Amino acid sequence: MSLSGEPASTHSPAAGRPMVTYIRPTRGWSGIDLRELWRYRELIYFLVWRDVKVRYKQSLLGAGWAILQPFLTMVVFSIFFGRFLGVPTDGSPYPVFSYAALLPWQLVEAGVSKAGTSLVAGRNLVTKVYFPRIAIPMAPILAGLLDFLLAAVVFLGMIVYYQMRPGLAVLALPIFLLVTVMTTVGVSLWLAALNVSYRDVAFVIPFLVRVWFFVTPITYPVSVVPVAYQPLYWMNPMVGVVEGFRWSLYAAADGSVFPWGLMAISAAVALGLMVTGTAFFRRMERTFADLV
């Protein structure tokens, strides 16, 4: 094997000759090399598995925290925002209203918080051998999907408890989950690459996530936002995601019409974040080993 930089290009071995891999530095702007990621799929699998094991290692409840955290958050929200403050929910029970929003939000919050600092936290790995650096921030995001699936089980129990009947609109749920992942990947790659050069980003991330939470309709409905500001409000891709989750899980069965036009704004912003985040990450990738 001959090594001269990054990333890798592989030539098929001739008969009786070993495979030779040339690794050259990236130039200019480029997107994700999916074929390269596929070659490193085992590494990505072990990074995801490591993230899951480290997260729940030596904890009494283990993966049960993936269920308990959003559930307890929903209980607190239901008491303060639902019962004490009487926040409107467009006719649905407040626990269902808030938990349907917490499902995608927990995925984004955990993904951005962990992936944004993952390169610096994994500096020992970054400086040793070549591999697609994008695998490091992608691992906590993919691990978060497991928590999402576990937390979704609670929502199924809530549907039974409140005797709700989701309609065919539930088939649209993967669309909103895809926009959630696109948003998480885009923001995480921007923050992870910036955090290598500017460690201030690690201090900004918790504040950014907190502000993002309040400008996302998790504890309140979109209807409280003045109509004149709603096109601007939907520029936050999580607005479309949260409203989409509520619509597909229970609101559509009651005849609610989903504003697909405004959702298109959120989806376009999510796509823009992912494309620009990926391009920026790839452009900065060749400097990570020196700066981290």
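How many nonpolar, polar and charged residues are there in the lining of the largest cavity? The views below take up this point and others in a predicted model, in which local features need pLDDT of at least 70, side-chain atom pairs count only at pLDDT 80 or more, and totals for chains, interfaces and linings use all residues. Residues are numbered from 1 along each chain as its sequence is written, and side-chain values use heavy atoms, with hydrogens and water left out.

View 1. A cavity is a set of points on a 1 Å grid over the protein atoms alone where a 1.4 Å probe fits but cannot get out, and lining residues have an atom within 4 Å of a point. The largest cavity holds about 50 Å³, a volume being the space filled by probe spheres set on the points. Its lining divides into 4 nonpolar, no polar and 5 charged residues, and among the lining residues are I32, D33, R133 and E285.

**View 2. The largest pocket.** A pocket is an open set of points with protein on both sides within 12 Å along at least five of seven lines. The largest pocket has a volume of about 380 Å³, and of its 21 lining residues D90, E243, R246, A251 and S256 are the closest to its centre. Helix α11 (residues 237-251) gives the largest share of this lining, 5 residues; helices are DSSP runs (H or I, at least four residues), numbered from the N terminus.

**View 3. Helix α4.** Of the 22 residues of α4, 17 are buried, meaning under 20% relative accessible area with a 1.4 Å probe and protein chains only.

Technical notes
Helices (H or I, at least four residues) and strands (E, at least two) are DSSP runs, numbered from the N terminus. Ala, Val, Leu, Ile, Met, Phe, Trp, Tyr, Cys and Pro count as nonpolar, Asp, Glu, Lys and Arg as charged, and the others, Gly among them, as polar. Buried means under 20% relative accessible area, exposed over 50%, partly exposed in between (1.4 Å probe, protein chains only).
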